[in-house]
Amino acid sequence: MSKDNFTTAEEDKMIEEAFADVLNGYINSNHRKKVEIIDRAFKFAKEAHKGVRRRSGEPYIIHPIAVARIASQEIGLGSTSICAALLHDVVEDTDYTVEDIEQHLGKKIAQIVEGLTKISGGIFGPRASSQAENFRKLLLTMSEDIRVVLIKMADRLHNMRTLGSMAPNKQYKIAGETLYIYAPLAHRLGLYAIKTELEDLAFKYEHLEAYNKISSQIAASEQSREQAFEHFSAPIRAKLDEMGLKYTMKARVKSVYSIWNKMETKHIPFEEVYDLYAVRIIFECDDPTVEKSICWQIYGAINDLYKFHPDRTRNWIGNPKANGYQALHLTAMGPDGNWVEVQIRSQQMDEIAEKGFAAHWKYKIGEGDEESELNVWLRTIKDILDNPEPNAIDFLDTLKLNLFASEIVVFTPKGELVTLPNNATVLDLAFALHSQIGCQCIAGKVNHRLVPLSERLKSGDQVEVLTSKSQTPKPEWAEFLVTARAKTHLRKALSRLQQPDINKGKKLFEEFLAANEITDSNQIITKLQGQFKVNNREELYLQLGREEIVLDDAVAKMLKRQSGKDPNSSMLRKIFRIPFKDRNKDANEPAEEVDPIKLINTKEVYSLHYDESGSNFKFADCCTPIPGDNVLGFIDDDGQVVVHSIDCPRALALKASFGSRLLSTRWEMTAGQFLARVLIEGIDRFGILQEIIRTISTNMSLNIRRLNINANDEVFKCELNVLVDDSKVVNDLCSQIKRINGVQRAVRLR
Ligand code: MN
């Protein structure tokens, strides 16, 4: 944001028009007409953000206006929310306070703005340690007023729509959070249209190529899809017309993201996604008492025409989903032999499906006043969130729930919440509060009962940490610490205590190398680690300094023997460009402060070791990325950069939880080879395996590292590890293998 005191006349006009659009939308809704207070909120916000611009260059006020527009027109909220949306960034970004807002616009609006400020500054800010915890707090905040969350959702949607003007490393973080937290929450709240848009936008920023490819495939298949739809729908139309219904019937193409998801999880190409579209029948009906029976009449009419899939009828009119969704779904076999999903809804049901509960009360005009009606549905949403039914399929998926189950929340005596992993001890908490508190911790009081440092904590415990100035950190503490943060701090503290010995050892080591004319390198250290069973360079120095290790001629001989071979010629070697980050700096520092083009010059070539000998990055073993894959770097608790593939589920979780520790990385060039896993399936026939192997080893000259074959009657399944230069080679390999007669599928596994 930059300060610029002038907005042009053109911009003023744009601002006024944008606001007029918000007002008109509101006036045309069924809310009571409280135009005056909205106007006052707008003037307040405009004044507060005066002279400030967004990164994109437009006046800042455009953003709150857009958020108010979404809150009103896309979520269906009323005047209080529109005012709060207009003011949502005022306390956070300007000198005005919550009290100022209360004075001008009343208590309710001020409270909501305060709630929004809380989840934006304190929890969603750059210093946020973990989004998982934020999510919980977000839910807690909701208990005060659900509108806080709905407006936050509108804020996020607008930020996603304008994500292009953000810094690239922020884009990753925001897109990751959106997929991980906001889209599932939107789903939970029944805001399907918003959920779908959030997913598609996040997906677009993370996988632009895949997004564009699928979009163009959707466009290319339009004609054949329309033909199929015409074939399928014409007889249905005839029936519905006969019944005298007023309706619309259209083919709804799945979102790009959900198509991609299907392709990924089922390992199938675009052409094999059979349910590319669903047919939606929306009928008009003024009488709510008969709309369900009309649904069933339509169902019956279609059943006269087509065969139904026996397991795929979903009756959400008899049992609406927890979020209010109502519709009757069926899957019919169309004339061309493909299954087609049909969704039958009344207009009112459709509106609820798109807008969630906001649509509910729109239909109840003139019954009681606006606020009480509003409160009814706000309370309904709150009920849903308070009672997450464990077996409801539409609740946040298990992955996300597990994330919370693996954590506990404890209270400090001042009532602050601290989130810790399961099994965390009193000492973990002490280190979580401050490294100094950790180092001087002597015991704890859990629920007023005195306990040792190693006591495991439970969710809800109130914990007081007792310290003493005379306490010093002990090596054996490491045995019961759980958090990486505490372990790192302990290691640092211990090494500080050991510094004199380490210095002495370092000096001895350097003298030894000089005397024997050996050059210092990580490979030398690796050798010595093996020899003396120490974990790293520091430990080696320490033991040398304490004279627990002695470097003699035999050691020198061994090292010289090794140095003939260049350890850099290792198979696993990679050239990378990674934004440099000072490893001693707190890893929680926002990554945007890092100069993204600063390179570690002369050391651009990193050889990758999977040990602690000092390389400052490594590949994640969950997704084992190879050159050509989109990758990102993540700074782990030890300050090491771990390189993940962008689609890796683990990376997705990290993005959402520790967005500020991300680094964008790219492959600079390749050297060496990498293991890729390939799955091949097909119909077994004599000689097919030889053909596959010939294709791999002879035609493509690739090295197979492991081969696992499973033949079952006619079908065979083969998993192999093969050494490749980059992802292009794997793709090439898969398409060559697919050409072999009998092979049904050849895909790279992650
Ligand atoms: Mn905002």
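Modeller: A helix crossing is left-handed if the near helix is turned anticlockwise from the far one by less than a right angle, and right-handed if clockwise. By that rule, α1 passes α2 in a right-handed crossing. Keep in mind that this is a predicted model: local features need pLDDT of at least 70, side-chain atom pairs count only at pLDDT 80 or more, and totals for chains, interfaces and linings use all residues. Residues are numbered from 1 along each chain as its sequence is written, and side-chain values use heavy atoms, with hydrogens and water left out.

Now the pair itself. Helix α1 covers residues 9-27 and helix α2 covers residues 35-48. Helices (H or I, at least four residues) and strands (E, at least two) are DSSP runs, numbered from the N terminus. The two axes come within 11 Å and cross at roughly 155°. Axes are lines fitted to C-alpha atoms, for helices over the stretch in contact, and angles run from 0 to 180 degrees between N-to-C directions. The helices are therefore roughly antiparallel to each other. That label is for angles over 145 degrees; under 35 counts as roughly parallel, 65 to 115 as roughly perpendicular and the rest as oblique.

Which residues make the contact? From α1 come Ile15, Glu16, Phe19, Leu23, Tyr26 and Ile27. From α2 come Val35, Ile38, Asp39, Phe42 and Lys46. Contact means heavy atoms within 4.5 Å. These residues divide into eight nonpolar, no polar and three charged. Here Ala, Val, Leu, Ile, Met, Phe, Trp, Tyr, Cys and Pro count as nonpolar, Asp, Glu, Lys and Arg as charged, and the others, Gly among them, as polar.

Next, the wider chain. The secondary structure comes to 28 helices and 23 strands. Of the 750 residues, 50% are buried. Buried means under 20% relative accessible area, exposed over 50%, and partly exposed in between (1.4 Å probe, protein chains only). Among contacts between residues at least 6 apart in sequence, 67% join residues at least 24 apart.

Two loop residues deserve a glance. Most residues other than glycine have a negative phi. Glu517 has a positive phi of about 55°. Glu517 sits in the loop between α22 (499-516) and α23 (522-532), and is exposed at 75% relative accessibility. Ser701 has a positive phi of about 45°. Ser701 lies in the loop between α27 (688-699) and β21 (703-712), and is exposed, with a relative accessible area of 59%.
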